[in-house]
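I have the model open and my notebook beside it. Here is what I looked up, in the order I went.

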Amino acid sequence: MTRHVIATVNELPPGTRKFLTIGERPIAVFNIKGEFFGLLNRCPHQGAALCEGPLIGLAQSSDPGEIEYTKLGEIIRCPWHGWEFDIRTGQSYCDPKRFRAKAYPVNVEPGASVVKGPYVAETIAVSVESDYVVVDL
Amino acid sequence: MLLLSRNVEPLGQRRYWPIYEAAEEAGLPIGVHAFGFGGNPITASGWPSYYIEEMVGHSQCQQTALASIVLEGVFERHPKLKMAMIEAGFGWAPSLSWRLDKCWQRLRSEVPHVKRPPSEYIRDHVYWTTQPMEDPERRDHLLDVIDWVGWDKLLFATDYPHWDYDDPSRVLPAGVSDANREAFYLDNALKLYGLA
């Protein structure tokens, strides 16, 4: 497993996402209300750029008239066929057993530990003053 | 090219413009089909309680799409673009057009890019598929609506094998001319999809 520094925390404010390639993998990293999530940018259905879809919520209902709209901004909807995946785990809602988007753990590391390594940070200059977004592959 | 009626934004808005440009250039009609999900509740007051509300609501969602397309100037900018409204009914076509025209007469300064009355764009560019076929008590009311929409703009659709499919032998009332029946069951589709 390798750890990749992909941005400073300031470069990825809440509500934004960053697209990048690590090795040969197209990956997107999201900041959702201060938490970071990584997903492979390839829908398990037909390979679409999943991470370009809108972030929506989950609508569930137990009875007519009883509707819960939860997980606002935590469900990514694929732009091609509308399949919905949980941004935290990559779990699909249409068929959780058979389909899942590939999720990567993303953490914030302080500059002091990033400077020490071992991290792969080809294009980001790291310093002890900033905090960094780190993706585990 | 197939689009759905419920999207992230109303279908006439800028993010969808490249699709219309490409379709016109390629000579392909755009189909706007019921359903889809953009993360928005399916009515303007939130989530309804029953499936039947979604079924009747398709015409509402399609009206949003069509009004947006007309009022954002999609047809004005793409005079050769043809569009089909699919599986959301057509009985609402006259009333939406009347309302659009009336509002446009008073509010057209807000949308100067809409150079003609909205109903003209709809009559010129829009085709309609029939399933689920409107089924009023008085069949002559249906014929009045089809007169407005145009016998050259209506395409028979069955939606078989869905539970609410239309049977081609039962879908038209008596008294429709042979020429109109030909257009309805065959010629309009051949023309729209470039197979004539």
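How much of the 137 residues in chain A do buried residues make up? I get 28%, taking a residue as buried if 20 or more other C-beta atoms lie within 10 Å of its own, exposed if 12 or fewer, and partly exposed in between, with C-beta atoms placed from the backbone.

**Ground rules.** I note that this is a predicted model, where local features need pLDDT of at least 70, side-chain atom pairs count only at pLDDT 80 or more, and totals for chains, interfaces and linings use all residues. Residues are numbered from 1 along each chain as its sequence is written, while chains are lettered from A and ligands numbered from 1 in the order in which they are written.

**Confidence.** I looked up pLDDT, the predictor's confidence in each residue from 0 to 100. Chain B has a mean of 96, and 100% of its residues reach 70 or more. For the complex, the predictor gives an ipTM of 0.77 and a pTM of 0.89.

**Chain A.** I find one helix and ten strands here; these are DSSP runs numbered from the N terminus, H or I of at least four residues for helices and E of at least two for strands. The pattern along the sequence reads β-β-β-β-β-β-β-β-β-α-β. The C-alpha trace spans about 55 × 30 × 20 Å along its principal axes. I also looked at Gln46(A), which sits in the loop between β4 (35-40) and β5 of chain A. Gln46(A) counts as exposed because it has 10 C-beta neighbours inside 10 Å.

**Where the chains meet.** I see nine residues of chain A in contact with eight residues of chain B, a contact being two C-beta atoms, placed from the backbone, within 7 Å. On the chain A side, β5(A) gives the most, with three residues. That side divides into five nonpolar, three polar and one charged. Here Ala, Val, Leu, Ile, Met, Phe, Trp, Tyr, Cys and Pro count as nonpolar, Asp, Glu, Lys and Arg as charged, and the others, Gly among them, as polar.

**Helix α4 of chain B.** I checked residues 93-107: these 15 residues reach 20 Å from first C-alpha to last, close to the 21 Å expected at 1.5 Å a residue, the expected span being 1.5 Å times one less than the number of residues. Ala93(B), Ser97(B) and Leu100(B) are its buried residues. They lie on the same side of α4(B) because they cover an arc of only 65° around the axis, taken from the directions from the helix axis to the C-beta atoms. The face turned away from that buried side carries exposed Ser95(B), Gln105(B) and Arg106(B). Among the elements covering the buried residues are α2 (51-71) and α6 (139-149) of chain B.

**Core.** I counted as a nonpolar core a set of buried Ala, Val, Leu, Ile, Met, Phe, Trp, Tyr and Cys residues joined through C-beta atoms within 7 Å. The largest has 38 residues, and Val70(B) and Trp128(B) are among those that touch the most other members. Its largest share, seven residues, comes from α2(B).

Gln131(B) to Pro132(B) is cis, with omega near -10°, and Tyr160(B) to Pro161(B) is cis, with omega near 10°. Phe35(B), not a glycine, has a positive phi of about 90°. Phe35(B) counts as partly exposed, with 15 C-beta neighbours inside 10 Å.
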